[in-house]
Amino acid sequence: MQESLKQKRITAFWRDERILNILGQVAFILILLFIASLIFQNMRDGLARQGIILSYSFLSGISGFDISESLIEYSRTSSYWQAYQVGLLNTLSVSIVGVIASTIFGVILGVARLSTNFLINRLAAFYLELIRNLSLLVFLIFWYLGVFLKLPRVRDAVVWPGDIFLTNRGVGIPWGLPTDSYPTFRLILLIGIVLSFIVFFALRAYSNRTGQAPLTTLWTLLTFIITAIIGWLVLPERPLTFDIPAVEGLNISGGKVLSPEFMALTSGLVLYTSAFIGEVVRSGILSVSKGQVEASHALGLNSFQTLRLIVFPQALRVIIPPLTSQYLNLIKNSSLAIAVGYPDVFYISNTIQNQTGRAVEMISMVMLTYLIFSLITSLFMNWYNQRIKLVER
Amino acid sequence: MTQSNTILPPLTERSGIIRWVRKNLFGSWLDAFLTIIGAFIIYWAVKGLFTWVFTVAEWQVVATNLRLFIIGQYPLEQAWRLWVALAFLMFLTGNSLGIWARKSYFATILLLAFPVLLTLFPFGDEPRKWLIILTIVGVIGWGIGRTASEKLSRIVIFGWVISLPIFILLTRGFTPEDGIMPIVGTNLWGGLLLTFLLTVVGIIFSFPLGVLLALGRRSELPAIRFASILYIELVRGVPLITVFFMAQLMLPLFLPPNITIDRVLRAMVAVTLFSAAYLAENVRGGLQAIPKGQFEAAHALGLNGLQTMYFIILPQALRLIIPILVGQFIAVFKDTALVAIVGLFDLVGIAKTVLAQPDFLGLQREVYVFISLIYWVLSYGMSYLSQQLEIKLGVGKR
């Protein structure tokens, strides 16, 4: 008896699950490493045959190509690395404009889709169904070739109210030019931010103390806006003069001219993503059970208070995770800029790669860049999600 | 007689157009305002659209190049092979509808009559003939499926399994130049044909990979779990277009120098690898929805880990996510448009070549509206049909 028990305890190692698991994993890793090394070997040999050694030092070479729009100083004598930075900033600006605009538009669509007004409801539903079944690439190309490049020539520019010039060379909008008092105004804006923070924390402390729910966001924003307006009026000279675009020969002078590429990319991305965000918002609001609304009405809250204090906070918890993935999609989709010729990071890296033949380096750089963008966005949204998450026991 | 029996609802619940309008369109001042704005938007959009479609647009560009849009540069004298392949698919579709979707008449009629509806487009006589044959084949298949017993279902499933190889074999051909089916190089595949093949190949091959990745991500072995997470998150973090470029430029470098793969195949690899990561997350969602009791019950019955997964967990999990898989299929279908950027001639790539023809310069709107229409009809049709079938078959809930 005793002996047989002892024998059972010492199982042969090829039948011991723990050891098998470890062995299996080691084998798995070895196979992966083997494949990876094989791929790497092949790649190095292939590159060597083309006379290329894997290295990123070519980035300091002179680029020699022009970029149509840039937020920083750039010319064709700048380095490849500077060109890459230009692309990076352009991607960032499209992404930021896109995220903000598509959130606003998406929320409007989502709410409209839930409207009791039959016409508005159907209109939003039609829009959502229309957009969600299109291919984004075709949509973007259509906006570029079919809309913004088909606008009239500069000479026959269409002028919309508010001095917006629509031409096939771009869209001219009024733009503020800083004057001598602008630095002072910036200081005032900074004070405004500090003040609104004070108001924010004061109101929150008040809310925690008394259990009341003041309109924190509204007052915070109002503080900032009022400070800004006071600053604007108090200064002897206006901090910004408005530069209004005008037709001058074959070009638009003055104001800010948004290129057709930028307009096509942002408007396409915004219209497309907002349809998906609209659906996210709708499902989020629908997820709040009707009993919550009825209960809050029974407690004597009016419909605005119900929306602000009961429905919205609960809907937000459902909305945030899918909203995050929509933001990520928008950022990744901005790489389709290459189809409309907007110099974003992918377009520029493609140009660099065509010039230098450094495919591996450029593709790895671009992938890393987008991974970092995705990571930052996810981290931020996860942090926000943690903050608003339902606190359970 | 019956009239005296009908009981009228109370006055407030009686429906009338005016009452309905007042309730749904002019409930309050704000409502009335919104209604008027909405009506203006509709009027403006519809009027603009109709004027453009019927008076301004020159649809000649689409009518002339219809063949290019559908099959690209595929040689015309070999087109019958595609029709035969389609007829095979149509037969299977009719058969499956007859066996499994006996009650969804609307979806059946829509699917079977679709080819005939297409004859309204300005195709030539030859395609029209084939389209009608397609519907006839579909109806025959439906009739057989309906009358034949359950025995047939095995054969139909087998038919679906071999349908893609048959389709590709017929498209590509297998005899030299003078045989009955000369090989047509992938560089001649184009238009909707290429889009369709990329989508189907991408989805089918990414499916096993995605399931494996999902299982790997839930594995208890850290090495496998970590590798799966790394793959999934890496692929999901980068745009599809970079994956396409990687496949076109770097895949040839990764392989030994004596192996070359053509550009269409590279694109297929890219779609597969990309879609697998997203599919893995969907499958993981399905796996997480399976209650723990199922695992425990399977173990209690003496099934080992592999058997538990294969016989108990995966069938349930995959059944749960069928609607999501259809969504993924549609997403891949729309995403394959990006191969145009790496120089393949799918629908969008063909559009570029069509617009480069000297006869049709400056007709971008017509061409891209037409392509959008194709994408829209197919995407919407797929999602609509899948919804109908889900309701009828009770898929996804039990």
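Domain bounds are those of an automatic or database domain assignment. On this basis chain A divides into domain 1 (2-46) and domain 2 (80-174 + 244-388). The C-alpha centres of domain 1 and domain 2 of chain A are 48 Å apart.

The model is predicted, and local features require pLDDT of at least 70, side-chain atom pairs count only at pLDDT 80 or more, and totals for chains, interfaces and linings use all residues. Residues are numbered from 1 along each chain as its sequence is written, while chains are lettered from A and ligands numbered from 1 in the order in which they are written.

Chain B contains 19 helices and zero strands, where helices (H or I, at least four residues) and strands (E, at least two) are DSSP runs numbered from the N terminus. Its C-alpha atoms fill a box of roughly 80 × 70 × 50 Å along the principal axes. Of the 398 residues in chain B, 32% are buried (20 or more other C-beta atoms within 10 Å of the residue's own, C-beta atoms being placed from the backbone). Among contacts in chain B with a separation of 6 or more, 73% join residues 24 or more positions apart; two residues are in contact if their C-beta atoms, placed from the backbone, lie within 7 Å.

Between the chains, 42 residues of chain B are in contact with 42 residues of chain A. On the chain B side, two or more residues each come from α3 (29-56), α11 (222-237), α12 (240-249), α13 (251-254) and α19 (364-393). The largest share, nine residues, is supplied by α19(B). This side of chain B comprises 30 nonpolar, nine polar and three charged residues, with Ala, Val, Leu, Ile, Met, Phe, Trp, Tyr, Cys and Pro counted as nonpolar, Asp, Glu, Lys and Arg as charged, and the others, Gly among them, as polar.

Conventions: A residue is buried if 20 or more other C-beta atoms lie within 10 Å of its own, exposed if 12 or fewer, and partly exposed in between; C-beta atoms are placed from the backbone.
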